[in-house]
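User: I'm new to this one. Can you walk me through a few contacts in it?
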Amino acid sequence: MFSGIQPTADSFHIGNYLGALRQWVALQETHDTVYCVVDLHAITVPQQPADLRRRTRVAAAQLFAAGLDPDRSIVFVQSHVPEHAELAWVLSCITGFGEASRMVQFKDKSAKSGAEAASVGLFTYPILQAADILLYDTDQVPVGEDQRQHLELTRDLAQRFNHRFGQTFVVPGPYILPDVAKITDLQDPSIKMSKSASAPQGIIDVLEDPGSVRRKIMRAVTDTDGEVRADEEAKPGVTNLLRIYSALAGVPVAELETRYAGAGYGTFKKELAEIVVDALAPVRERTEKLLANETELDRMLATGAAKAHALAGPTFARVRDKVGFLPAS
Ligand code: TRP
């Protein structure tokens, strides 16, 4: 299994944590797992170098802190393995311009600045993602629903390359992560909790201080009917809070509905806040500890990169040969 996450913020949020990180940790028990902090993807939109450097370490530290075990998973930084960029170039040469133009995430992400101002890197982003996946003979890619189209492109490119040059790539399948953890914005439950779309009040960060977490939960948007009950259509705010509670406490939503019948939102939110604070505290503490020793963290990432390179190198050697590049030595 291979998956990636961008180092574009000073903390992951609870949507990333429940939707990706926690599930990645569980998957390392049952699969061979490779996880990548995709810094090459991060520069598809402007980044301050100091921010990128800091956020790449913060992202990696949170992955380890959330429970990724360097003995069971390969955890590395994308730019440490040069084959990602090299394979992306080769794949871009078998991708149709029209095909790339149909990627909806580019349309969404470039909508703000306009397609004219967006970088070519943002446009070819899904091709780099395909390279990430194909370098590791990946069978399955655990991602959210929003990445389905990029995985379709990855499969198409793998099949096309194999057809044109002979069997080279494993054709990966999606492994769409269960939606239990579809976390929405606390202030606008109609949108996904997201660094780019949500206001700070709508997001709970993994590394956020407990006081702030409590305040945001107490102020989360609910409704006027006063019943702690899940109803996606009529009560999206309360439903979202129930989902967070259920995912963190491991208690089914139905049981929470019974537990909080007649209790009112105040009590429910207060107890949810403590659940969230208690769940995040160990991750925050371990992250801080890892960040306090940069030399050791960088060493862990160098080890991860060496393991990743041992897998990606032979794959790209096959590609070189199939495409007809002369041996370099
Ligand atoms: N595009 C993914 C996202 O935004 C991140 C990503 C980059 C990724 N490369 C990947 C995910 C490879 C899975 C596999 O979430």
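User: Which residues of α10 meet α12?
Analyst: This is a predicted model, to start with. From α10, the residues are Val-238, Leu-241, Leu-242, Ile-244, Tyr-245, Leu-248 and Ala-249. On the α12 side they meet Tyr-265, Phe-268, Lys-269, Glu-271, Leu-272, Ile-275, Val-276 and Ala-279.

User: How many of those are nonpolar, polar or charged?
Analyst: The contact of α10 with α12 has 13 nonpolar residues and 2 charged ones. No polar residues take part.

User: At what angle do α10 and α12 pack?
Analyst: About 40°. Their axes are 10 Å apart. Helix α10 covers residues 236-249, and helix α12 covers residues 265-292. That angle makes α10 oblique to α12.

User: Is the crossing of α10 and α12 left-handed or right-handed?
Analyst: Left-handed.

User: New topic. How many aromatic pairs are in the whole structure?
Analyst: A search finds 10 aromatic pairs. One of them is Phe-76 with Tyr-136, with ring centres 5.9 Å apart and planes at 55°, so this pair is tilted.

User: Where do Phe-76 and Tyr-136 lie?
Analyst: Phe-76 lies in strand β3, residues 73-77. Tyr-136 is in the loop between α7 (120-134) and β4 (140-143). They are 60 residues apart in sequence, so the pair ties together separate parts of the chain.

User: Are Phe-76 and Tyr-136 buried or exposed?
Analyst: Phe-76 is buried, and Tyr-136 is buried as well.

User: Which residues form a cluster through ring pairs?
Analyst: Phe-2, Phe-76 and Tyr-136.

User: What about the rings of Phe-106 and Phe-123?
Analyst: Their centres are 5.2 Å apart and their planes sit at 80°, so the pair is edge-to-face. Phe-106 is in helix α6 (residues 104-111), and Phe-123 is in helix α7. The two are 17 residues apart, and the pair links distant parts of the chain. Phe-106 and Phe-123 are both buried.

User: Where is Asp-137 found?
Analyst: In the loop between α7 and β4. Tyr-136 is in that loop too.

User: And how is Asp-137 placed: buried, exposed or partly exposed?
Analyst: Asp-137 is partly exposed. Its relative accessible area is 31%. Tyr-136, by contrast, is buried.

Conventions:
Residues numbered from 1 in each chain as written. Predicted model: local features only at pLDDT ≥ 70, side-chain atom pairs only at ≥ 80, totals over all residues. Heavy atoms only, no water. Axes fitted to C-alpha atoms, helices over the stretch in contact; angles between N-to-C directions. Helix = DSSP H or I, 4+ residues; strand = E, 2+ residues; numbered from the N terminus. Parallel < 35°, antiparallel > 145°, perpendicular 65-115°, else oblique. Left-handed = near helix turned anticlockwise from the far one by under 90°. Contact = heavy atoms within 4.5 Å. Nonpolar A, V, L, I, M, F, W, Y, C, P; charged D, E, K, R; others polar. Phe/Tyr/Trp six-rings, centres within 6.5 Å; stacked < 30°, edge-to-face > 60°. Buried < 20%, exposed > 50% of the residue type's maximum accessible area, 1.4 Å probe, protein only.
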